[in-house]
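Please open the model in your viewer and keep the selection tool at hand. The stops below each name something to select and then describe what is there.

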Amino acid sequence: MLSTDEAIITIAAVIGGTMLTRFLPFVIFYRNRTTPLSIKYLGNVLPTAIIALLVVYSLKDTVILSGNHGFPEVISTTVTILLHVWKRNMLLSIAAGTITHMLLLQYIFSS
Amino acid sequence: MNIQKKAFYTALPHTLPILAGFLFLGISYGFFMTSKGFSPVYPIFMSILIYAGSMEFITVGLLMSSFNPAAAFLLAITVNARHLFYGISLLDKYKNTGKKKLYLIFGMCDESFVINYTVKIPSDTDKSWFMVFVTALNHLYWAVGAALGAIRGKYFQINTQGLDFILAALFIVIMLEQWLNQSDHVPAMSGLIISIICLLIFGDNFIIPAMILMVFALLMLKKYNEVRTNAVN
């Protein structure tokens, strides 16, 4: 366990590193009043690709944490998608998918 | 109704899934850190000032090992490098937000990025205040969760197993919503395929290689399309 001073310095270093990742793009492109075209293009298409990545990332974690060969995740994801295509109501789709996942883990696939 | 109030009420419903997700994760984090013997002051300040979930869990480990701030700094950059790509995507959105821009960048996280990027803000709502409230509400949920977990962790032992799916569901619905609204599915498909391939190759650390590959793939696609258009003309 570190001393309080050492702990504060360590936390400050973590804050510094984290903030660097947040501020750097804005600092680099601060002087360019018009963002370069290729960066502008990336700004338009990259987020769609990143959102797909976040889906993979968040599902990967739940599969690993539960360890039921992914059945609860496949079922809950299907419920979320079908309900959303049908009703197009974000809160409803998210709530239904999550409750399905909780019920499956706690009652059907409980160990 | 003044512009802040209007922006707040427009922003609030978009953050509700995150309210549930962040309270749950924040409580787990606050409880985890105090269970390792730290004062509740630590998770409360760290959740507000670092505000990057996985890095906060990692920092608990750093504080329990030997003193090495340089390594902590580099580790924080590596773990949070995905923010660089969010920043590139948000350059235009955060333009002309004045002094609010500093806070928008400070409080940028996966969820705030996704909402601020994808939501079509109604024309009668102030865009910069909307984005500030999305960012600030998510920030608040995380900090309140961490504080609750740190101070009252023992009282939250209700059965929340499976609740972690909520953030996955949020990303799924947002991806689907974009898919249904866009005619060009190439960026979404390349994102999905590259992520899965990188996950299989790199395992847990797949995010950064996947993002770099996406940048290359999308830039090459742009070149290819330009060449093709020129050839047709």
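This is a predicted model: local features need pLDDT of at least 70, side-chain atom pairs count only at pLDDT 80 or more; totals for chains, interfaces and linings use all residues.

Residues are numbered from 1 along each chain as its sequence is written, chains are lettered from A and ligands numbered from 1 in the order in which they are written, and side-chain values use heavy atoms, with hydrogens and water left out.

**Chain B as a whole**

With chain B still selected, colour by secondary structure: there are 11 helices and zero strands, where helices (H or I, at least four residues) and strands (E, at least two) are DSSP runs numbered from the N terminus. The C-alpha trace of this chain spans about 70 × 50 × 35 Å along its principal axes. If you count contacts (heavy atoms within 4.5 Å) in chain B between residues at least 6 apart in sequence, 70% of them join residues at least 24 apart. Switching to a surface view, you are looking at about 11,200 Å² of accessible surface for chain B, 68% of which belongs to carbon and sulfur atoms; such areas come from the Shrake-Rupley method with a 1.4 Å probe, and for residues only the protein chains shown count as cover.

**A pair of helices in chain B**

Next select residues 3-35 of chain B, which form helix α1, together with residues 53-64 of chain B, which form helix α3; the two pack at an angle of about 5 degrees, with their axes 10 Å apart. Axes here are lines fitted to C-alpha atoms, for helices over the stretch in contact, and angles run from 0 to 180 degrees between N-to-C directions. The pair α1(B) and α3(B) is therefore roughly parallel, a term for angles under 35 degrees, with over 145 counting as roughly antiparallel, 65 to 115 as roughly perpendicular and the rest as oblique. To see the side chains involved, show Ser28(B), Tyr29(B), Phe32(B) and Met33(B) on α1(B), which meet Glu56(B), Phe57(B), Val60(B) and Leu63(B) on α3(B).

Gly17(A) is buried, with a relative accessible area of 0%.

Move on to Ser76(A), which lies in helix α3 of chain A, residues 71-87, and is likewise buried at a relative accessible area of 0%. Not counting residues up to four places away in sequence, Ser76(A) touches Gly97(A), Thr100(A), His101(A), Leu104(A) and Phe165(B).

The following stop is Phe206(B), in the loop between α10 (186-202) and α11 (207-232) of chain B; at 0% relative accessibility, Phe206(B) counts as buried. With residues up to four places away in sequence set aside, Phe206(B) touches Leu53(A), Val56(A), Tyr57(A) and Lys60(A), and also Ser195(B), Cys198(B) and Leu199(B).

**Isoleucines with part of their surface open**

Is Ile151(B) buried or partly exposed? Select this residue in helix α8 of chain B, residues 127-152: at 48% relative accessibility, Ile151(B) counts as partly exposed. Leaving aside neighbours within four places in sequence, Ile151(B) is in contact with Pro40(B) and Ile44(B).

Then select Ile197(B), in helix α10 of chain B, which at 44% relative accessibility counts as partly exposed.

**Two positive phi values**

Most residues other than glycine have a negative phi. Select Arg88(A), in the loop between α3 and α4 (90-108) of chain A, which has a positive phi of about 55 degrees although it is not a glycine; Arg88(A) is partly exposed, with a relative accessible area of 38%.

Finish at Asn96(B), in the loop between α5 (82-90) and α6 (100-106) of chain B, where phi is near 60 degrees, a positive value in a residue other than glycine. At 77% relative accessibility, Asn96(B) counts as exposed.

Technical notes:
Buried means under 20% relative accessible area, exposed over 50%, partly exposed in between (1.4 Å probe, protein chains only).
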